[in-house]
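This report concerns the nonpolar cores and the pockets of one protein model. The sequence and structure are shown first.

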Amino acid sequence: LDVTEFGKELDESNTTLQQAIMAATGKDNDNDSTATTIKWFRAPQGVMSPAMCQVLRDRQIINVLGDCYCDDWAFAEKLGSTKQLVAPLMLKQVQPGSIAIFHMPQRGFRETTFYALEEFLEGLKERNLRCVTLSELMEHQHQQQTAP
């Protein structure tokens, strides 16, 4: 997509996400200083075009890659299951500060990814690790870098 097309697609997606977040949290972006603004983006397959770079830069959105990934979509779509495949592979890779990538499960589509995610979260808990937002992770890293 060119700059205009990608910008339009990104803005429409962000509006949909913000509406979903507002519905789930009761926050209003117009009247709530703690409301969520979309700050993060993951390029499909990690591939960025010059147009994407420009639009993200203009909107001050950061492209984020993960370090914990295992083609969960392929297990779900090709094998029809992720049970005892995805979580163990992901848990072998994860470490404190990791960014794990799972594809969104939906009813009737990649449902088994939900169970892999559940198993992954249990594995994190057993290691005394927990999930945080990217904003929390970046703030923690910033604090560590600026600490005396």
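The sections below describe the cores and then the pockets of this predicted model.

## Nonpolar cores

The largest nonpolar core consists of 12 residues: C68, C70, F75, V86, A87, M90, L91, V94, F102, A116, F120 and L124. Two elements, α4 (86–93) and α5 (111–126), each give two or more residues to this core. The largest share, four residues, is that of α4.

Another core lies apart from the largest one and has eight residues, including L10, F41, A43 and M52.

## Largest pocket

The volume of the largest pocket is about 1,900 Å³. Its lining comprises 45 residues, of which I99, A100, V132, T133 and L134 are the closest to the pocket centre.

At least two lining residues come from each of α1 (3–25), β1 (40–41), α5 and α6 (134–146). Sorted by class, the lining of the largest pocket contains 26 nonpolar, 14 polar and five charged residues.

## Second largest pocket

For the second largest pocket, the volume is about 170 Å³. The residues that line this pocket are R42, Q45, G46, L65, G66, Y69, W73, I101 and H103. By class, this lining is made up of four nonpolar residues, four polar residues and one charged residue.

Technical notes: Residues numbered from 1 in each chain as written. Predicted model: local features only at pLDDT ≥ 70, side-chain atom pairs only at ≥ 80, totals over all residues. Heavy atoms only, no water. Core = buried A, V, L, I, M, F, W, Y, C linked by side-chain atoms within 4.5 Å. Buried < 20%, exposed > 50% of the residue type's maximum accessible area, 1.4 Å probe, protein only. 1 Å grid on protein atoms, 1.4 Å probe; cavity = no way out; pocket = protein on both sides within 12 Å on 5 of 7 lines; lining within 4 Å. Points joined across faces, edges and corners; volume = space filled by probe spheres on them. Nonpolar A, V, L, I, M, F, W, Y, C, P; charged D, E, K, R; others polar.
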